[in-house]
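Colleague: I have a model on the screen and would like to learn how to read it. Could we go through it feature by feature?

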Amino acid sequence: MDRKLIERLTKVIGKDYVLSTPEDLAVYSYDGTFAESRPDLVVLPATTEQVSEVVKLAAEMRVPIVARGMGSGLAAGSIPNTSGGIVISLTRMNHILEIDTENATIRAEAGIVTADLQAAVEKVGLFYPPDPSSIRHSTIGGNIACNAGGPRCLKYGVTGDYVLGLTIVLADGRILKTGGKPIKDVTGYDLNGLFTGSEGTLGIITEALLRLVAKPRYAKTALAEFSSLHDASRTVNAILTAGIVPASLELMDQTAIICIEEAMKLGLNTDVEASLIIETDGANEQNVLSEIEAAAKICQDTGAHSVKTAQSETERANLWKARRSISPALARKAPNKLGEDVTVPRSAIPEMVQRVRAISAKYGLPIVIFGHAGDGNLHPNILFDKRDPEQWKKVEQMVAEEFEAALALGGTLSGEHGVGVLKRPYLEKALGSISLDVQRNIKRALDPQNILNPGKMFQE
Ligand SMILES: Cc1cc2nc3c(=O)[nH]c(=O)nc-3n(C[C@H](O)[C@H](O)[C@H](O)COP(=O)(O)OP(=O)(O)OC[C@H]3O[C@@H](n4cnc5c(N)ncnc54)[C@H](O)[C@@H]3O)c2cc1C
């Protein structure tokens, strides 16, 4: 990288926060996938103004710039791909700037860890619902950039539903402020919506103003066990069409359960083909209890051989610990996993599950199925060994068939992880050429030099 650029960046940010040794760069070469690509330089700014100065320099020198939160992404979005360039890590910008209890809002810097923000608002009786399973190792900026979901998003909505305003550094270094505290705002285009889910390709988010809700006072969580994965998946819609709106409705298949149990020793019954974790919550204890009982009854009617409601906070926490540890626990089964997040209309969940199983049988590689089934959002994870070229070839075909199945059922490629690099080849098929053209034009209008996270989402 140009020495002059390094010197000028060092002047802006300070030498401790401009990293260029091979060891430092290696740390920023990965995300939550198996992809790997090294940046030329990493900078860790502390303020929006510093971010703006960095972007101005990058624009002047036409150097690619990749925004990074905690690097937990599952689409290879925060690593530089083949472009190299500067990774801009937001993790020093992790402060809460204001909690407004009267208007139920929080303003925070983009690099704050999601779990830290949640804990801070819960201390004052408020609630920030979006809860990606990576809450302890992802940032609000990364969540907004990917429009992250999570188990609670069934009842409460996804990250984008909580974004009231953003501070964004544009590709030429200008600082854009969008939105504000009013709940309703139709003055001009919805720029919050445009930047939410834009994966660092349109601007760098440095601050967010988020909507909060009252913290639910009661919650009940049940585990329903099924000897048939098909029965478990058809139960999801049976619960939702009965008028019950659980906070969460999560599906785990047998391999997922076995992996969790081997890793965590939580006492889960592994002799089942699938389980559902169902949670109801709210302000009225009786309603919360009635809803979990009604959901349990539906599970029994649709083939569950056991439905147990957690009797203590520890039992409830253990169920969520189990759910959150699926992804890391799968590492015990194979050197690599490729997890997708296809999403289908809820009525198509049983059919999608069948099709994923058929793909696994056809190619002879295991696919673990779990996910936010209430949202129709499944995480089929192919387990394989990337060192074996035969297996890798099969994995590529399997992924393509998973996407084809989701699209054929009226679904989509990604419910929450985003496109990044990994889903890029399938984008036109999912969106159609006109939508792709409109999206490319938006990118060109906001980033004419294509310096913000180039090669992500689509190839320019
Ligand atoms: C074990 C595990 C469980 C997960 N569970 C879930 C889940 O339940 N739901 C879910 O939605 N996701 C989940 N994920 C995926 C991932 O955690 C989310 O996509 C998360 O939102 C990424 O946040 P991050 O801070 O790590 O972002 P990064 O991985 O650093 O970046 C992700 C993308 O956002 C861009 N970006 C990051 N910060 C900014 C910023 N400030 N401004 C502009 N662009 C930015 C990057 O350029 C990149 O394109 C999981 C991942 C793992 C490893």
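Modeller: Start with the ligand. This is a predicted model, and the shell around the ligand takes at least three residues from each of domain 1 (3-89) and domain 2 (96-214).

Colleague: How many residues surround the ligand, and which are the closest?

Modeller: The ligand is surrounded by 39 residues. The closest are Gly 69, Gly 77, Gly 141, Gly 142 and Gly 200.

Colleague: What is the make-up of the shell by class?

Modeller: The shell around the ligand has 21 polar, 13 nonpolar and five charged residues.

Colleague: Now the helices. What describes two packed helices?

Modeller: Two numbers do: the angle between the axes and the distance between them. Take helix α1 (residues 3-13) and helix α3 (residues 48-61), which pack at about 165 degrees with their axes 10 Å apart. An angle over 145 degrees counts as roughly antiparallel, so α1 is roughly antiparallel to α3. The crossing of this pair is right-handed.

Colleague: Which residues of α1 and α3 meet?

Modeller: From α1 come Leu 5, Arg 8, Leu 9, Val 12 and Ile 13, and they meet Gln 50, Glu 53, Val 54, Leu 57 and Met 61 of α3. By class, this contact of α1 with α3 has seven nonpolar, one polar and two charged residues.

Colleague: Can we try the reading on another pair? At what angle do the axes of α8 and α13 cross?

Modeller: Helix α8 (residues 229-241) and helix α13 (residues 349-363) cross at roughly 150 degrees, and their axes come within 8 Å. The two are therefore roughly antiparallel to each other. The crossing in which α8 passes α13 is right-handed.

Colleague: What does each helix bring to the contact of α8 with α13?

Modeller: Leu 229, His 230, Ser 233, Arg 234, Val 236 and Asn 237 of α8 meet Ile 349, Pro 350 and Val 353 of α13. The residues of this contact divide into five nonpolar, three polar and one charged.

Colleague: How is α13 placed against α14?

Modeller: The axes of α13 and helix α14 (residues 389-408) come within 10 Å and cross at roughly 160 degrees. That angle makes α13 roughly antiparallel to α14, and the crossing is right-handed.

Colleague: Which residues of α13 and α14 meet?

Modeller: Met 352, Arg 355, Val 356, Ile 359 and Tyr 363 in α13 face a list in α14 that they meet: Lys 394, Gln 397, Met 398, Glu 401, Glu 402, Ala 405 and Ala 406. The contact of α13 with α14 divides into seven nonpolar, one polar and four charged residues.

How values were computed: Residues are numbered from 1 along each chain as its sequence is written. This is a predicted model: local features need pLDDT of at least 70, side-chain atom pairs count only at pLDDT 80 or more; totals for chains, interfaces and linings use all residues. A residue is near a molecule or strand if its C-beta atom, placed from the backbone, lies within 6 Å of it. Ala, Val, Leu, Ile, Met, Phe, Trp, Tyr, Cys and Pro count as nonpolar, Asp, Glu, Lys and Arg as charged, and the others, Gly among them, as polar. Domain bounds come from an automatic or database domain assignment. Axes are lines fitted to C-alpha atoms, for helices over the stretch in contact, and angles run from 0 to 180 degrees between N-to-C directions. Helices (H or I, at least four residues) and strands (E, at least two) are DSSP runs, numbered from the N terminus. Angles under 35 degrees count as roughly parallel, over 145 as roughly antiparallel, 65 to 115 as roughly perpendicular and the rest as oblique. A crossing is left-handed if the near helix is turned anticlockwise from the far one by less than a right angle, and right-handed if clockwise. Two residues are in contact if their C-beta atoms, placed from the backbone, lie within 7 Å.
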